[in-house]
Amino acid sequence: LFSVNQTTAENIPGLFARNERMVCLFDTTVGRMAVVLVGAMIVAGIETVATGKVKPTGRLELNHHDMALAKGDELGRFYLGSTAVVLFEPNKIAWDSNFRANSTLVMGEALGQTL
């Protein structure tokens, strides 16, 4: 696993697609969205509330259609840290002017508003 810092991301082609990752897809009031949990160097595992701890074993697909998360609920965690990539359908979110891509976020901090 590669580090996911800015310098490494700029110099390792396909970094976020090459590292261990877990893709979580959601149907929301503004359409489909995805949270991609990307493991980084020395990460010992990824765990979600739906799956428990997931060990790297290649492709694994789990479906939890009845799972619901409210704002602020825990989705999962990394063992030792990493990054999460959050994706929305086009033209669904007006990004907050203070939010910068590749920045560190604090729990509860706004990314933007729905359109």
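I started with Thr48, which sits in strand β3 (strands are DSSP E runs of at least two residues, helices H or I runs of at least four, both numbered from the N terminus). Residue numbers count from 1 along each chain as its sequence is written. This is a predicted model, where local features need pLDDT of at least 70, side-chain atom pairs count only at pLDDT 80 or more, and totals for chains, interfaces and linings use all residues.

Next I asked myself: is Thr48 buried or exposed? Thr48 counts as buried because its relative accessibility is 5%, and buried means under 20% relative accessible area with a 1.4 Å probe, protein chains only.

I then looked up what Thr48 touches, skipping neighbours within four places in sequence: Met22, Leu37, Leu75 and Gly76 are in contact with Thr48 (contact means heavy atoms within 4.5 Å).

Then I zoomed out. I found two helices and eight strands in the protein, and from the N terminus they run α-α-β-β-β-β-β-β-β-β. Buried residues are 22% of the 115 in the protein. For contacts between residues at least 6 apart in sequence, I noted that 52% join residues at least 24 apart.

Methods:
Side-chain values use heavy atoms; hydrogens and water are left out. Buried means under 20% relative accessible area, exposed over 50%, partly exposed in between (1.4 Å probe, protein chains only).
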